[in-house]
Amino acid sequence: MSNVETEPVEVRCRAAADGGQPAQGPRVDVITARDVPLGGPRAMTVRRTLPQRARTLIGAWCFADHYGPDDVAATGGMDVAPHPHTGLQTVSWLFSGEIEHRDSLGSHALVKPGELNLMTGGHGICHSEVSTPRTTVLHGVQLWVALPEEHRHTERDFQHHVPEPLRVDGAEIRVFLGSLAGVSSPVRTFIPLLGAEIVLQPHATVTLAVDPGFEHGLLVDQGDVRVADVRLRPAELAYVHPGTDTLTLTNESGEPARTVLLGGTPFEEEIVMWWNFIGRSHGDIVEARADWENESDRFGAVEGYPGNRLPAPALPNAIITPRKNPPRD
């Protein structure tokens, strides 16, 4: 998905590794979402939890949009024209509906509930995303992963994976990236990551072994969920500091609760993110924008989309300034 804000926030951030094990259980911060309309008057609105002033990265996860349930008859659904990406991987994960993906690598695929589509932008790629005519309700998350410096100019790539559901203590888990509960995803990443959908049955509790070197984010889609001693409501994101080797999740509601668990080693490189580009300097962003506007071969072209590509927004009238995660004690 494109970040199609007309005045996208510029983000420059640096995250340092955490200093050790919490004294009493995991340290958990709660991040609330901000609403972002994608496009015109009938546009779908997404709930954005990353980046925020409170936190810009969780591991290498640098962008998280949560949308729906969206009545396509009322909003028109998703229709994102061809747009570029650099220096990142996009992760598409649906709860309901269906999206047609086309990219300049030549990939033509459907995003379906419970199926992972991961696209690597690297030096440059472009793609389009359109909800299919048979979609009535669109509901899911769109996530970005920052590529480390040694891989940020890698070649374009596209991967598809259908994880098998695993049932543990009243929870159904689908691991789409990394490893959890004895299951590992075969999808290639460039930095240690975790991504999993976890659905908890009413009043169920599950305790999962996790990597203590990871920081984690738990996004609640539906239900009231407690992680450690912190209660989360729908659309809230819990940030769990590194240093814990287990996470205990409890569904406190009488209906199934759905969450998405993200994790990764703290991302220690300085990055600049603006619109759909991730670089290491303001100059990287200026160059990428110019290449897109000049229809450079850097991004290629999407075949089969019935319309024009997205123009890049105007750059800010200043050098992009740093924005960092809060210091850890």
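Which residue in β25 is the bridge partner of L193? Keep the question in mind; the tour reaches that pair by way of the sheet around it. The model is predicted.

**Stop 1: the sheet.** Select β2, β23, β20, β25, β18, β15 and β14, in that order: these 7 strands form an open sheet with antiparallel pairing. Go to the edges, β2 (28–31) and β14 (166–168); each has a single partner strand, so one side of each lacks a neighbour in the sheet. Looking across the sheet, neighbouring strands are turned by 25° against each other on average, direction ignored.

**Stop 2: β18 and β25.** Select residues 193–200 for β18 and 257–264 for β25; the two strands run antiparallel and are joined by 8 bridges.

**Stop 3: β20.** Move to residues 215–222, strand β20. Of its 8 residues, 7 are buried, so β20 is largely enclosed by the rest of the structure. Towards β25, the pairing is antiparallel over 7 bridges, and G217 has L262 as its bridge partner there. Towards β23 (residues 237–240), the pairing is antiparallel over 4 bridges; select L218 to find A238 of β23 opposite.

**Stop 4: H216.** Stay in β20 and select H216. Its relative accessibility is 1%, so H216 counts as buried, the cut-off being under 20%. Now show its contacts, leaving out residues up to four places away in sequence: H216 touches I58, L194, V210, D211, A238, Y239, V240, L247, L261, L262 and G263. Two of these have come up already: A238 stands opposite L218, and L262 is the bridge partner of G217.

Key
Residues numbered from 1 in each chain as written. Predicted model: local features only at pLDDT ≥ 70, side-chain atom pairs only at ≥ 80, totals over all residues. Heavy atoms only, no water. Buried < 20%, exposed > 50% of the residue type's maximum accessible area, 1.4 Å probe, protein only. Contact = heavy atoms within 4.5 Å. Pairing = 2+ DSSP bridges. Axes fitted to C-alpha atoms, helices over the stretch in contact; angles between N-to-C directions.
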